[in-house]
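Hi everyone, thanks for coming. Let's have a look at this one together.

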Amino acid sequence: MSGPHRTARPSSGANGPAPAAPPRDGVTDLVRWAAFSCFLVPLVLLWYGASLTGTAGTAMGLAAVTGACRLLLRRSERVAARQPGPARGAPAGHRHRAAPAARRGGRHAGENTPVG
């Protein structure tokens with residue numbers, strides 16, 4: 001198998017099997033591709049004749065969005081990794097219930113009302 005998803009095979013050397021590679025982090029891979037895009041997109045824009053100012057603005061915008069997404073992804077990972085806290089009780093205050101049939105809105109035909 002070739003490519004980036006190749007698994008490390010243990011070697012049968014004198015020191016024993018080679019240590020396994022650490023698991024890949026999906027967020028790190030995603031941020032690497034985003035950083036690569038922040039570099040590649042401005043080059044393509046320059047290649048096709050965009051202005052240097054517009055290209056620089058695009059690069060800075062992409063870098064800002066990439067940084068914000070990285071922060072949000074890392075934050076969501078931390079929140080997901082936390083152990084769930086104690087179960088919370090029902091919120092205090094007015095409890096909502098369905099209104100009685102006579103108070104509901106809409107058109108309701110009674111027994112003696114002709115429907116036509």
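Trp33 and Phe36 are 3 residues apart in helix 1 (residues 26-47), so about one helical turn separates them. Helices here are DSSP runs of H or I with at least four residues, numbered from the N terminus. Before I go on: this is a predicted model, where local features need pLDDT of at least 70 and side-chain atom pairs count only at pLDDT 80 or more, while totals for chains, interfaces and linings use all residues. Residues are numbered from 1 along each chain as its sequence is written, and side-chain values use heavy atoms, leaving out hydrogens and water.

Back to our rings. Rings of Phe, Tyr and Trp (its six-membered ring) pair if their centres lie within 6.5 Å; planes under 30 degrees apart are stacked, over 60 edge-to-face, and the rest tilted. That rule gives 1 aromatic pair. The ring centres of Trp33 and Phe36 are 5.8 Å apart with planes at 85°, so this pair is edge-to-face.

Buried or exposed? Buried means under 20% relative accessible area, exposed over 50%, and partly exposed in between, using a 1.4 Å probe and protein chains only. Trp33 is exposed at 60%, and Phe36 is partly exposed at 39%.

Now to Thr66, which sits in helix 2 (residues 52-81) and is buried at 17%. Setting aside neighbours within four places in sequence, Thr66 contacts Ala34, Ala35 and Cys38, contact meaning heavy atoms within 4.5 Å.

And how many disulfides are there? The structure has 0, a disulfide being two cysteine sulfur atoms within 2.5 Å. For Cys38, the nearest cysteine sulfur is that of Cys69, 9.9 Å away. Cys38 is buried at 15%, whereas Cys69 is partly exposed at 40%.

Terms used. Helices (H or I, at least four residues) and strands (E, at least two) are DSSP runs, numbered from the N terminus.
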